[in-house]
Amino acid sequence: MSEQTNTTGGGRVVIVGAGMAGVQTAVALREQGWTGEITLLGAESHPPYDRPPLSKTILLGKAEGSAFEVDFAGLGIEVQLGREVTALRAAEHRVDTVRGSVSYDVLVIATGAVPVRLPGSEGVPGVHLLRTMDDAERLRPLLAARRSVVAVGAGWIGAEFATAAREAGCAVTVVEAADRVLAGAVPAEVAAHMTDWYEHSGARLITGAKVASVTEGAVVLADGRRIEADAVVVGIGARPATDWLAGSGIELAEDRSVVTDERLRTSLPDVYAVGDCASFPSARYGERLLVHHWDNALQGPRTVAANIVLGPEEGPVYDPVPYFWSEQFGRFVQYAGHHAAADELLWRGDPDSAAWTVCWLRSGVLVALLAVGRPRDLAQGRKLIEQGAVLDRARAADASVPLKAAVRR
């Protein structure tokens with residue numbers, strides 16, 4: 001990574017992106033003693049808001065918004081809305097936006113991720129994404145009118161949308177190209193116990209079904225089946241919002257995330273990256289991680305702020321235990337850690353019941369867990385992962401034994 005200038009307490013920090021990662025970076029800078037200017041650039045016209053409620057309370061009309069409760073003016077944070085960035089000119093320490101350029105002493109890239117679009121669906125009437133406030137507001141009246149909907153993708157977003165749509169009384173069909181739900185997130189043996197949730201909620205699930213085309217009012221599958229729908233919601237993943245960095249000289253990974261070091265510094269001087277758009281090296285897991293979840297956008301900014309305030313080599317290293325949650329089909333699902341390198345899977349409780357947990361071990365060490373309706377397992381397990389605890393397998397498999405009591409002494 002490049003050398004960073006120590007501008008402790010002075011100069012101007014420009015943060016590109018007014019989502020959770022951007023807002024929390026601005027707040028953390030003030031909390032940690034930054035006295036210089038802070039400018040937050042947001043592409044949308046809405047005041048900065050939290051995204052998780054979009055697929056829940058806002059979509060169902062139970063809330064009108066989810067604006068962050070931050071006194072930006074009181075903190076001396078300048079917020080500029082409708083300032084979508086278009087380019088980075090690092091040699092000049094400037095970013096270009098749709099309304100002119102902005103100079104910086106330190107730049108924080110927090111542009112998040114953008115949804116992957118279904119090929120051939122852009123511009124087709126009735127096809128929706130669910131990423132922004134405007135997306136949710138366009139979908140809300142359709143759910144209120146109990147229209148028939150098709151969700152393309154049975155990942156976390158597809159499941160959450162299907163949950164909301166069924167709660168609203170809509171007829172819901174979920175189409176998934178893979179042979180199972182959550183194909184990119186959990187192993188088949190775990191996903192198998194989450195499949196029936198769709199049917200029990202009244203949603204129709206079709207797996208192993210690729211979409212051939214989308215027309216107004218229908219989805220056509222590769223095998224010729226046609227599914228009528230008043231609305232189609234595409235939830236097939238997201239990718240880092242980094243296209244605007246083309247030609248800037250910044251290093252991007254193969255997945256298009258901004259490559260950062262252990263202190264979230266990029267390959268360019270005085271430029272940091274945080275949140276959904278950035279990948280970081282994890283000593284804990286021995287690989288580079290790209291984490292598209294809310295908690296990463298909450299925790300990472302504290303590391304960025306500390307490194308800006310304290311200087312290039314004095315700040316903390318970022319190596320979190322990733323965490324996220326999802327509310328779907330009446331269940332509270334939580335996940336902590338990273339199970340890719342695990343060599344053993346251990347069950348706690350009956351996976352066909354309302355509450356159960358999966359633990360992933362590597363040489364006996366707990367590296368990840370997924371808890372369904374067992375928040376205590378998650379809370380204890382997250383701490384054990386941080387500690388690198390070795391579990392007694394027999395005790396860990398006994399759901400009546402607290403997870404913290406299953407540590408091998």
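The radius of gyration is taken here over C-alpha atoms, and the globule rule is 2.2 Å times the number of residues to the power 0.38. For the 409 residues of this protein, the rule gives a radius near 22 Å for a compact globule; the protein has 22 Å, which agrees. The structure is a predicted model, in which local features need pLDDT of at least 70 and side-chain atom pairs count only at pLDDT 80 or more, while totals for chains, interfaces and linings use all residues. Residues are numbered from 1 along each chain as its sequence is written, and side-chain values use heavy atoms, with hydrogens and water left out.

The C-alpha trace spans about 60 × 60 × 35 Å along the principal axes of the protein. Nine helices and 26 strands are present. Helices (H or I, at least four residues) and strands (E, at least two) are DSSP runs, numbered from the N terminus. Buried residues account for 52% of the 409 residues. Buried means under 20% relative accessible area, exposed means over 50%, and partly exposed lies in between (1.4 Å probe, protein chains only). Contact means heavy atoms within 4.5 Å. Among contacts between residues at least 6 apart in sequence, 61% join residues at least 24 apart.

The accessible surface comes to about 16,900 Å², and carbon and sulfur atoms hold 49% of that area. Accessible areas come from the Shrake-Rupley method with a 1.4 Å probe; for residues, only the protein chains shown count as cover. The protein carries 40 positive and 50 negative side chains. Lys and Arg count as positive, Asp and Glu as negative, and His and the chain ends are not counted. Each charge is placed at NZ of Lys, CZ of Arg, CG of Asp or CD of Glu. The centres of the two sets lie 3 Å apart.

The expected span of a helix is 1.5 Å times one less than its number of residues. Helix α3 (residues 133–144) has 12 residues and should span 16 Å; its end C-alpha atoms are 17 Å apart, which agrees. Met133, Asp135, Ala136, Leu139, Arg140, Leu142 and Leu143 are buried in α3. The buried residues of α3 pack against β9 (127–128), α4 (156–168) and β16 (231–234). Arg146 follows α3 and has a positive phi, near 55°.

Helix α4 has 13 residues and reaches 19 Å from its first C-alpha to its last, close to the expected 18 Å. This helix is mostly covered, with 10 of its 13 residues buried. Among them are Trp156, Glu160, Phe161 and Thr163, as well as Ala159 and Ala168.

Helix α7 (residues 294–310) has 17 residues and should span 24 Å; its end C-alpha atoms are 25 Å apart, which agrees. In α7, 13 of the 17 residues are buried, so the helix is largely enclosed by the rest of the structure. Gly311 follows α7, with a positive phi near 115°.

Gly19 lies in the loop between β1 (12–16) and α1. At 17% relative accessibility, Gly19 counts as buried. Gly19 and Phe68 are 49 residues apart in sequence and 9.3 Å apart in space, C-alpha to C-alpha. Ala21 sits in helix α1 (residues 20–31). Ala21 is buried, with a relative accessible area of 8%. Beyond its neighbours within four places in sequence, Ala21 is in contact with Ala110, Val274, Gly275, Ala297 and Pro301. From Ala21 to Pro115 the C-alpha distance is 17 Å, across 94 residues of sequence.

Loop residues were considered next. Arg99 lies in the loop between β5 (94–97) and β6 (100–103). Leaving aside neighbours within four places in sequence, Arg99 is in contact with Leu81, Gly82 and Arg83. Arg99 and Leu310 are 32 Å apart, C-alpha to C-alpha, and 211 residues apart in sequence.

Most residues other than glycine have a negative phi. Asp270 is not a glycine, yet has a positive phi of about 65°. Asp270 is found in the loop between β18 (258–259) and β19 (271–273). Its relative accessible area is 5%, so Asp270 is buried. Ser363 is likewise not a glycine and has a positive phi of about 55°. Ser363 lies in the loop between β25 (356–362) and β26 (365–372). At 63% relative accessibility, Ser363 counts as exposed.
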